[in-house]
Amino acid sequence: MSKIIIAIHGLGNKPPKEQLEKWWLAAIQEGLQKSGIADPDLSFKLVYWADILYPEPLEADVTDEDNPLYLDEPYLPASGNLKAEPENLKTRLLKYAEKQLDKIFLKEDMTLNFEGVTDSIIHSYFRELDIYYRGDETENEQEKSFQSRNTIRERLKSVLLEHKKDEVILLCHSMGTIVAYEVLQDNPDELSINTLVTFGSPLGLPVVVSRIYADQKLNSGSEEPLKTPVNVHSKWFNLADPQDMVALDPTLADDYQANALGVQAQDLSVINDYEANDERNPHKSFGYLRTVEMANIIRTFLAEEEKHGLPKYYSQIKHKLVNLFSRRKK
């Protein structure tokens, strides 16, 4: 049985798929090499969806900064050694702030306070997220034609189905974490992964939590708290830089309970060291992919043997039995 890294990118226009896939792999390898693994042999595949929202990709040879296809943040190797992030006072204050954020914006029934305000924030600052959620409700005819949500989800689902017999670690950045959560949650019997890794994720934001809960209630009638998708069999790691504003609510363990297999998000505070043009971007995927924490997660996944010689399908059968008995109770 093969092991593979499958990844899905996040917000914004991107360079062409081949280039972005090459850069993601380079960032991962950089982190592994700086953590002591020389020339790691990786099987890697990137799920690319920027072309669904943008007719043309960003281009490295465009030099005009006013050109919408100008690529201002290419992959650049880190200038120094990678650093692990200790939990300092600032990190603890941010954790306190995100708890207050939930209290302000989420009611006990998981609906939103100030719903119109949060919708306007999403529309203004997260165009792709707005298109993804609103779809045919939007007035823009071009955006209607994208049918973006189903198309994006299908791309990830089809790749995961291709590798359903492999051991998969799924790396998800930014809005890609929302896509991944929904695809896994909606396909509990068809899809299966070993490890889920989210980074720079908005999954903890009250407006996103509320929307996912509403979809769960609509699709399955379930009013249970949100949980780790049951088809995540081993681990869920969530990485967030304290200065990443997309991951303003950086902890997910308090928003998503453990699944029937006992898997729950493990929240890790990290240092995203990406910098370009003398400006640091703590949300950039390349910086997250080469962190010490990400390297350790991938190294463990690659080295991990199947426990007690049991096949991967043991955990799949277990979660199917759990689902079966849960349905009978209803």
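Helices here are DSSP runs of H or I with at least four residues, strands are E runs of at least two, and both are numbered from the N terminus. By that rule, Arg149 is found in helix 7 (residues 148–162). This is a predicted model, so local features need pLDDT of at least 70 and side-chain atom pairs count only at pLDDT 80 or more, while totals for chains, interfaces and linings use all residues. Residues are numbered from 1 along each chain as its sequence is written, and side-chain values use heavy atoms, with hydrogens and water left out.

- Arg149 counts as buried because its relative accessibility is 18%; the cut-offs are under 20% relative accessible area for buried, over 50% for exposed, and partly exposed in between, with a 1.4 Å probe and protein chains only.
- Skip the neighbours within four places in sequence, and Arg149 is in contact (heavy atoms within 4.5 Å) with Tyr132, Tyr133, Glu182, Arg211 and Asp215.
- Take Tyr133 from that list: Arg149 and Tyr133 sit 16 residues apart in sequence, with 7.0 Å between their C-alpha atoms.

- Helix 8 (residues 175–186) is largely enclosed by the rest of the structure, because 10 of its 12 residues are buried.
- Glu182 is one of those buried residues, and the others are Met175, Gly176, Thr177, Ile178, Val179, Ala180, Tyr181, Val183 and Leu184.

**Salt bridges**

- Side chains of opposite charge can pair when their charged atoms come close.
- A salt bridge puts a side-chain nitrogen of Lys or Arg within 4 Å of a carboxyl oxygen of Asp or Glu, and by this rule the count comes to 17.
- Glu162 and Lys45 form a salt bridge, with their closest N and O atoms 3.2 Å apart. Glu162 lies in helix 7 and Lys45 in strand 2 (residues 44–47), so the pair ties together parts that are 117 residues apart in sequence.
- Within this pair, Glu162 counts as exposed at 53% relative accessibility, whereas Lys45 is partly exposed at 24%.
- Lys217 pairs with Glu223 in a salt bridge, the closest N and O atoms being 3.7 Å apart; Lys217 is partly exposed at 42%, and Glu223 is exposed at 56%.
- Lys227 and Glu224 meet in a salt bridge at 3.3 Å, N to O. Lys227 is partly exposed at 28%, and Glu224 is partly exposed at 39%.
- Arg149 comes back here: salt bridges that share partners join Arg149, Arg153, Glu182, Asp186, Arg211 and Asp215 into one network.

**Thr228 in its loop**

- Thr228 sits in the loop between helix 9 (206–220) and strand 5 (232–240), and at 3% relative accessibility it counts as buried.
- A polar atom of the Thr228 side chain lies 2.9 Å from the backbone oxygen of Val263.
- Leaving out residues up to four places away in sequence, Thr228 touches Trp236, Tyr256, Gln257, Ala258, Asn259, Val263, Gln264 and Ala265.

Technical notes
A polar contact is a pair of N or O atoms within 3.5 Å; within protein, one must be able to donate a hydrogen and the other to accept it, and residues adjacent in sequence count only if both atoms are side-chain atoms.
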